[in-house]
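Have the sequence handy as you read.

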Amino acid sequence: NLSGRLAVRHNEMDGWWKNTITGSEGRDDDIWYGRGSLRWLASDTLQINAKYEKGEFDRRSRPTYVYQSDFTGQMNSFGTVPFPIVGDRDKGAGEVDGNSYTETEVFAVTVDWDLDFATLTSISAYSSYDADGEPGNTDMNAVAALSRAKFEEYEQYSQEIRLVSPGGETIDWIAGAYYQQSELDISTQVAALDFALSGPIS
């Protein structure tokens, strides 16, 4: 009395946009996602379901657009143009490409046990993700005035216990408890910080 199911999804895209500064084309996506599940009918009164999911999201050369700026085409004090005139909606200018990679995991086990007086349900779950972002075009221009990367790590554990009466009686009741613990770590790395490159302040 054991059954299972497996599903896999893959999505890949080659971008239409070109960064005139680095020469890269994007946005390029390479996404994988899979889910496997098992169901075990251990007896007439006991059923166990388990599920595992994993995803990988790789995105590169994210588009950078500047639709309007008071300094478009002007040089800064160092002789470079922070906001060059591109004149093409399928092109843009950024000093970096802005790549990111995210990995996710989910695992859950559900147990249903029919007792004489109630149904006992237990749900145990774990989920996590890791997100790494390379230095991105934070200031939305073509010079390294402000560029930073962001990294995240997240984990969550949860446990639910539930006891439910059969129903249809004079008094129906539900009793249970839920516990959850999560942790999120975030760090930011500044790769460039020179606002003088952005152009004149006024």
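Predicted model: local features only at pLDDT ≥ 70, side-chain atom pairs only at ≥ 80, totals over all residues.

Residues are numbered from 1 along each chain as its sequence is written, and side-chain values use heavy atoms, with hydrogens and water left out.

Strands here are DSSP runs of E with at least two residues, numbered from the N terminus, and two of them pair if DSSP finds at least two bridges between them. Here are two such pairings:

| Pair | Sense | Bridges |
|---|---|---|
| S1 (residues 2-13) and S4 (residues 28-41) | antiparallel | 12 bridges |
| S4 and S5 (residues 46-60) | antiparallel | 14 bridges |

Leu6 has Gly36 in S4 as its bridge partner, and Leu41 has Gln47 in S5. Getting from S4 to S5 takes a hairpin of four residues.

Now for Asp116, which sits in the loop between S7 (100-114) and S8 (119-133). Is Asp116 buried or exposed? It's exposed, because its relative accessibility is 83% (exposed means over 50%, buried under 20%, partly exposed in between, with a 1.4 Å probe and protein chains only). Its C-alpha atom is 9.7 Å from that of Thr45, 71 residues away along the chain.

Thr121, in S8, is buried, because its relative accessible area is 6%. Beyond neighbours within four places in sequence, Thr121 has contacts (heavy atoms within 4.5 Å) that include Val111, Glu160 and Ile161. The C-alpha atoms of Thr121 and Val111 are 5.5 Å apart.
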